[in-house]
Amino acid sequence: MAYRKLGRTNKHRRSMLATLTKQVIMNGSITTTDTRAKEVRKFVDKMITYGKRGDLVARRKALAFLHNDKIVVDKIFNELAPRYESRNGGYTQILKLDERRGDGSLMVLLKLMDSEKVAS
């Protein structure tokens, strides 16, 4: 699987992606750069898929990636997994915003999809 390095070392990149994933899950949306959002989307979808599986192995994998944050993992397994029960992927949406003033980087809003709009 190809991935973006995002100008970080391996540990820093993994920690940053885990933190951004936790923020999306807890808040429902974040504002970040386009490339970071495209990379974080993969991990948010993976965590929700773990929640839909619901077994102990999936819970432990989610805990390992999310730095043992039990509050976030409980939200995934108890709230988000039932909400997206009938959806087969595509749990996030990227909305383009403006360019960042300092360096002109494209900013986007990464948010969880609404549960009412279920894909068939």
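**View 1. Helices that line the largest pocket of the predicted model.** H2 contributes the most to this lining, with five residues. At least two lining residues come from each of helix H1 (10-27), helix H2 (34-53) and helix H3 (56-65). Helices are DSSP runs of H or I with at least four residues, numbered from the N terminus. The model is predicted: local features need pLDDT of at least 70 and side-chain atom pairs pLDDT 80 or more, while totals for chains, interfaces and linings use all residues. Residues are numbered from 1 along each chain as its sequence is written, and side-chain values use heavy atoms, without hydrogens and water.

**View 2. The centre of the largest pocket.** The largest pocket has a volume of about 280 Å³. Of its 13 lining residues, Arg14, Leu17, Phe43, Lys46 and Phe65 are the closest to the centre. A pocket is an open set of points on a 1 Å grid where a 1.4 Å probe fits, with protein on both sides within 12 Å along at least five of seven lines; lining residues have an atom within 4 Å of a point. The volume is the space filled by probe spheres set on the points.

**View 3. The packing of H3 against H4.** The axes of H3 and helix H4 (residues 70-83) lie 9 Å apart, at an angle of about 135°. Angles run from 0 to 180 degrees between N-to-C directions, and axes are lines fitted to C-alpha atoms over the stretch in contact.
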